[in-house]
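Student: I'd like a close look at one part of this model, told as a single connected story. Could you walk me through it?

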Amino acid sequence: MTISSHHNQKLKEIRKLRMRRRARERAGRFVAEGEDLLAAADAAGWVARERYCAAGSGLPGVEIEPTLLASASGLGSGTRALGVYEERWARQAVGPLCLCLYGVHDPGNVGASLRSAHAFGASCVALGPGSADPFGPKAVRASMGAVFAVPVARVEDLDGLPGTTIALVPGPGPGAGTALRDVWAGACGDVTLIVGGEREGLPDRLITQADLIAHIPIQSHSLNAAMAATVALYEATRMARA
């Protein structure tokens, strides 16, 4: 049977899950949109609780009239498939390489950081207070499927992070502070890289509590949080191999 009414209850639920973080938290579910994301979920072994497709597309799932599917999706008229999944939170952050995002408000940066964590083989992404919902639509899209592949944990402070904690602080120039490669020798065993928010960076108390502090040498005064995470993960994996 094809869903053909704008007032269909399932469509209303999809809209709520897409648009409201509180609705996702209450239901423990989120929406992934687009064939590529659903393929990534399949590859990672995630089974959709509900799967929908545009009528006549030939894709698996409950058929929805294309215009109605477009209205329920953030992708608009290009949407051919979406799925509803259970959120998965790791019980704790784990090593050997963990990325912690602390106060990263932008969901696009959270999603892109997940993508980089997956690319560089991080074992976990930990989200501290004030960080965007990794299961929100913008974060899920920006992750390019990494949200299905990388364990995600919640942490309240540094005590919940594995191994040596390294606070990453951007520097104003190439010679400012100690580069990550230079502090790496002081890290033993598991390592957690901590990246702060786009505007505020890491709180002073958190920097003080960290085991080590590393500067990312840059020419300007700030660096996009996802870019900082990517640079740090690259350096960490390069040095680990060395």
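Student: What kind of unit do E5, helix H5 (residues 107-119) and E6 make?

Tutor: They make a right-handed β-α-β unit. Right-handed here means that, with the strands pointing away from the viewer, the path from the first strand over the helix to the second runs clockwise. Some ground rules: this is a predicted model, where local features need pLDDT of at least 70 and side-chain atom pairs count only at pLDDT 80 or more, while totals for chains, interfaces and linings use all residues. Residues are numbered from 1 along each chain as its sequence is written, and side-chain values use heavy atoms, leaving out hydrogens and water. The H and E labels are DSSP runs numbered from the N terminus (helices: H or I, at least four residues; strands: E, at least two).

Let's stay with E6, residues 124-127. Strand E5 (residues 97-102) runs parallel to E6, and 4 bridges join them; strands count as paired if DSSP finds at least two bridges between them. Cys-100 has Ala-126 in E6 as its bridge partner. Ala-126 also has a bridge partner in E7, namely Ala-153. E7 (residues 152-154) is parallel to E6 too, with 3 bridges between them.

Buried means under 20% relative accessible area, exposed means over 50%, and partly exposed is in between (1.4 Å probe, protein chains only).

Now follow the chain out of E6. Phe-135, in the loop between E6 and H6, meets Trp-89, in the loop between strand E4 (81-86) and E5, so the pair ties together parts 46 residues apart in sequence. The two rings are edge-to-face, 5.3 Å centre to centre with 80° between the planes. (Rings of Phe, Tyr and Trp, using its six-membered ring, pair if their centres lie within 6.5 Å; planes under 30 degrees apart are stacked, over 60 edge-to-face, the rest tilted.) Phe-135 is buried, with a relative accessible area of 1%, whereas Trp-89 is partly exposed at 26%.

Both rings belong to one aromatic cluster, along with Phe-30, Trp-46, Tyr-85 and Phe-148.
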